[in-house]
Amino acid sequence: VYARVSPSIAFVETSLGSGTGVLLQDDLVLTNAHVVWPFDEVRVVFPDATEFDPAPVVARDLLADLALIDLSGFGGAPRTL
């Protein structure tokens, strides 16, 4: 299970902290809103060292504590979950 899932797990970083997310279809990373708040751009790194910086935060819901980061403008995102 780990070998199949781990390439889609993203490290998400801001100047205030970090967290994780998961790469979904359409090059969107789902993470927690508290990880990216209050930033509109973040740094995203995958286990294969693929890096997206700055990656735009395109949606967030503070009540549900969910956010989406869009990697589509970069091309070359790893395999989705």
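Which residues in the largest nonpolar core touch the most other members?

Analyst: The model is predicted, and what follows is computed from it. The largest nonpolar core has 16 residues, and those that touch the most other members are Val29, Val36, Val42, Val44, Phe46, Ile69 and Leu71. At least two residues of this core come from each of β1 (9-13), α2 (33-36), β4 (41-45), β5 (51-61) and β6 (66-70). In soluble globular proteins, nonpolar side chains tend to be buried together.

Leaving aside residues up to four places away in sequence, Val29 touches Ala10, Gly21, Val22, Leu23, Val44, Phe46, Ala67, Leu68, Ile69 and Leu71.

The strand β3 covers residues 28-31 and includes Leu30. Leu30 counts as partly exposed because its relative accessibility is 30%. Together with Leu24 and Leu66, Leu30 forms a nonpolar patch on the surface, and the three have about 200 Å² of accessible area together.

Strand β4 pairs with two other strands. With β1 the pairing is antiparallel, over 3 bridges, and Phe11 has Val45 of β4 as its bridge partner. With β5 the strand β4 also runs antiparallel, joined by 4 bridges. Here Val44, one of the core residues listed above, stands opposite Phe52 in β5. The hairpin of β4 and β5 has 5 residues between the strands, and Ala49 in this hairpin takes a positive phi near 75°.

The whole structure holds 3 salt bridges. In one of them, Arg43 meets Glu13 at 2.6 Å, N to O. Arg43 lies in β4 and Glu13 in β1, so this pair ties together parts that are 30 residues apart in sequence. Arg43 counts as partly exposed because its relative accessibility is 25%, and Glu13 is partly exposed at 28%.

Arg43 also meets Glu51 in a salt bridge of 3.1 Å, N to O. Through shared partners, Glu13, Arg43 and Glu51 are joined into one network of salt bridges. Glu51 is partly exposed, with a relative accessible area of 41%.

Another salt bridge is formed by the side chains of Arg60 and Asp40, at 3.3 Å, N to O. This pair links distant parts of the chain, 20 residues apart: Arg60 is in β5, and Asp40 is in the loop between α2 and β4. Arg60 is partly exposed at 28% relative accessible area, whereas Asp40 is exposed at 55%.

Technical notes: Residues are numbered from 1 along each chain as its sequence is written. This is a predicted model: local features need pLDDT of at least 70, side-chain atom pairs count only at pLDDT 80 or more; totals for chains, interfaces and linings use all residues. Side-chain values use heavy atoms; hydrogens and water are left out. Patches are made of residues with over 30% relative accessible area and no salt bridge: like charges are joined within 9 Å, nonpolar side chains (Val, Leu, Ile, Met, Phe, Trp, Tyr) within 5 Å. Accessible areas come from the Shrake-Rupley method with a 1.4 Å probe; for residues, only the protein chains shown count as cover. A salt bridge is a side-chain nitrogen of Lys or Arg within 4 Å of a carboxyl oxygen of Asp or Glu. Buried means under 20% relative accessible area, exposed over 50%, partly exposed in between (1.4 Å probe, protein chains only). A nonpolar core is a set of buried Ala, Val, Leu, Ile, Met, Phe, Trp, Tyr and Cys residues joined through side-chain atoms within 4.5 Å. Contact means heavy atoms within 4.5 Å. Two strands pair if DSSP finds at least two bridges between them.
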